[in-house]
Amino acid sequence: MLDIELIRKKPDWVKERLKTRGEEYPPLVDNVMVLDEERRSIIRELEGLRSERNRISKEIGSMKKQGADTTALEVQMKKLKERIEELEQKLSVVERDYKNLMLRIPNLPHASVPVGEDEKDNVEVRRWGIPKEFGFEPKPHWEIGERLGILDFERGAKLSGSRFTVLKGMGAKLERALINFMLDMNTKKGYVEVLPPHLVKPQVLEGTGQLPKFEEELYKCERDELYLIPTAEVPLTNLFRDEILREDQLPIYLTSYTPCYRREAGAYGKDIRGIIRQHQFNKVEIVKIVKPEDSYRELEGLTSDAEDILKALELPYRVVLLCTGDMGFASAKTYDIEVWFPSQGRYREVSSCSNCEDFQARRMGTRFKDGEGRNRFVHTLNGSALAVGRTLAALLENYQREDGSVIVPHALRDYLKADIIKPE
């Protein structure tokens, strides 16, 4: 959520920054300002009426002690009460509309973020590794997985429908090995491992920005008013909602493995084959909760931590700075890490690393008390380290051999207890 004081003081600047994210956002600022002024006007009138009510109440009490007639004052008090109740109801409606609008305005992009409409306007920052040259036509990961007997798309669809996959044998073991390897990499760097609930309340998703805008992307348990998490970022970041932390508690580094659940509304026809875009997938997340003055240095570190996993797995990748039109709703700046897929001859996203500044903290009410005794909003950061299924797919493609087998990267051999994956 944006700072209303910033909107009041610099509305045109806020609208200009939001316009880089989409033409639909500047009008929301105008509507918010109208509601904000109406809200403040009602509050001012209410405060005056309540003060007058208190004054008259004391006067009635004093006059009754003296045996004086208070009829006129009681009539006035009744009118005051009716007007106060009318304004309180009006304020409730205005505040609801005001909050709903504020929740639909995305974060402001950082000044270093390139202006653009979509992924074609993203800017490559760096590359690591050299894509392997194959002496044969590299196969896509779904063909490799089916030939090895470790990916079963047909039975996944039989159980749950499209975009669900069964991993079995060495496929399931490889997924588990990757999860453990990623968690170990993260915890060695100081991230505290957390195993959170996978079902959360609506206000938790509101806190990180998934609600109300992305309602259609979420799986909801209607009877219990709970949602399946689309990413571990949601419960991890909300661990400290409505809390005031001590300055010496910061920075907080967290990591978690969870399944993630996304309806993928609007993704019809995209990545139909394979395990790139699934309704249920595993991911290891890293989250940082830090002081505002440290957050952009921490973003570089968080991105580097995710990169180190790909380096250890010896998978070629590149880092891309997302433009204003391609960033996530809550982000002020995002780096995507994209791993090389030989069968496609292109890099595909395996991690997004974002600094949300105080956008999520304002929605969650997460603050810290600084050295001067002031309560300030924290900055929150998150990233995938990494998306497990996509990493597995990249491994199958980059380490495939012509006979259909797949070499196990050195970093995973102690986890998998194997050097090579052969057809089962």
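This is a predicted model: local features need pLDDT of at least 70, side-chain atom pairs count only at pLDDT 80 or more; totals for chains, interfaces and linings use all residues.
Begin by selecting strand β7 (residues 226-228) together with β6: the two run antiparallel and are joined by two bridges, where strands are DSSP runs of E of at least two residues and helices are runs of H or I of at least four, numbered from the N terminus. Two strands are taken as paired if DSSP finds at least two bridges between them. Within this pair, Cys221 has Leu226 of β7 as its bridge partner.

Residues are numbered from 1 along each chain as its sequence is written, and side-chain values use heavy atoms, with hydrogens and water left out.

**The whole chain**

Zoom out to see 13 helices and 18 strands, with the C-alpha atoms filling a box of roughly 105 × 45 × 40 Å along the principal axes. Of the 424 residues, 51% count as buried, which is to say under 20% relative accessible area, with exposed meaning over 50% and partly exposed in between (1.4 Å probe, protein chains only). Among contacts with a separation of 6 or more, 73% are between residues 24 or more positions apart, a contact being heavy atoms within 4.5 Å.

**Strand β12 and its partners**

Select strand β12 (residues 333-341) next: nine of its nine residues are buried, so the strand is largely enclosed by the rest of the structure. On one pairing, strand β11 (residues 317-321) runs antiparallel to β12 and is joined to it by five bridges, with Glu338 of β12 as the bridge partner of Arg318. On another, nine bridges join β12 to strand β13 (residues 346-355), again antiparallel, and Thr334 has Ser354 of β13 as its bridge partner. β12 and β13 form a hairpin with four residues between them, and in the turn Gly345 has a positive phi of about 60°.

**The nonpolar cores**

Now display the largest nonpolar core, which has 54 residues, those with the most contacts inside it being Leu174, Leu178 and Leu396; such a core is a set of buried Ala, Val, Leu, Ile, Met, Phe, Trp, Tyr and Cys residues joined through side-chain atoms within 4.5 Å. Its largest share, nine residues, comes from helix α7 (residues 170-188). Centre on Leu178, which touches Leu313, Val388, Thr391, Leu392, Leu395 and Leu412, leaving aside residues up to four places away in sequence. Apart from this core lies another of 34 residues, including Val14, Ile60, Leu73 and Leu103.

**Two helix pairs**

Select helix α2 (residues 11-19) and helix α3 (residues 26-65), which pack at an angle of about 150° with their axes 8 Å apart. The axes are lines fitted to C-alpha atoms, for helices over the stretch in contact, and angles run from 0 to 180 degrees between N-to-C directions. α2 and α3 are therefore roughly antiparallel to each other, given that angles under 35 degrees count as roughly parallel, over 145 as roughly antiparallel, 65 to 115 as roughly perpendicular and the rest as oblique. Pro11, Val14, Lys15, Leu18 and Lys19 of α2 meet Pro26, Val29, Asp30 and Met33 of α3.

Move to helix α5 (residues 141-148) and helix α12 (residues 388-398), whose axes come within 9 Å and cross at roughly 80°; the two are therefore roughly perpendicular to each other. His141, Ile144, Gly145 and Leu148 of α5 make the contact with Ala393, Leu396 and Glu397 of α12.

**Backbone details**

The peptide bond from Leu211 to Pro212 is cis, with omega near 5°, and Pro212 lies in the loop between α8 (202-208) and β6. The bond from Ala385 to Leu386 is also cis, with omega near 5°, but Leu386 is placed in strand β16 (residues 379-387). Arg163, although not a glycine, has a positive phi of about 65°; this residue sits in the loop between α6 (153-160) and β3 (166-167) and is buried, with a relative accessible area of 15%. Glu357, likewise not a glycine, has a positive phi of about 50°, lies in the loop between β13 and α11 (359-364), and is buried at a relative accessible area of 19%.
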